[in-house]
Amino acid sequence: MTATTTQVLNKLQVAQKIDRIAYQIYENNHSEKEIIIAGIAGNGELLAEKLAKAVEKISPLKVTLVTVTINKQKPATNTINISISEKETENKVVVVVD
């Protein structure tokens, strides 16, 4: 049996989607001085890194990149850990990426 794969987006299309999301983040938060982009550990973390770079490239916003660790199978019964203190998130926009 031969496995087949279906490509949803190619590399260029993925880059365009990331850029568009970055512009939307900036457009929605243009009056902020700093935003936090929090990537869920794993694939969310990778996408968060790409988004952070894209936002920094197009805007004057200070972008803080953090990692969120959570058990996705049992999110309500498990501890959620973030790589910065809760105090550092106060009064700041937090974009969660998964």
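User: Is the crossing of α1 and α2 right-handed or left-handed?
Analyst: This is a predicted model, where local features need pLDDT of at least 70, side-chain atom pairs count only at pLDDT 80 or more, and totals for chains, interfaces and linings use all residues. Residues are numbered from 1 along each chain as its sequence is written, and side-chain values use heavy atoms, with hydrogens and water left out. A crossing is left-handed if the near helix is turned anticlockwise from the far one by less than a right angle, and right-handed if clockwise. For α1 and α2, the crossing comes out right-handed.

User: At what angle do α1 and α2 pack?
Analyst: Helices here are DSSP runs (H or I, at least four residues; strands are E, at least two), numbered from the N terminus. Axes are lines fitted to C-alpha atoms, for helices over the stretch in contact, with angles from 0 to 180 degrees between N-to-C directions. The axes of α1 (residues 11-28) and α2 sit 9 Å apart, and the angle is about 60°.

User: Which residues in α2 do the α1 residues meet?
Analyst: Contact means heavy atoms within 4.5 Å. From α1, I18, D19, I21, A22, Y23, I25 and Y26 take part, and their partners in α2 are L47, K50, L51, A54, V55 and I58.

User: Which strands stand at the edges of the sheet?
Analyst: Strands pair if DSSP finds at least two bridges between them. The open sheet runs β3-β2-β1-β4, with mixed pairing. Each edge strand has a single partner, so one side is left without a neighbour in the sheet; these are β3 (81-82) and β4 (93-97).
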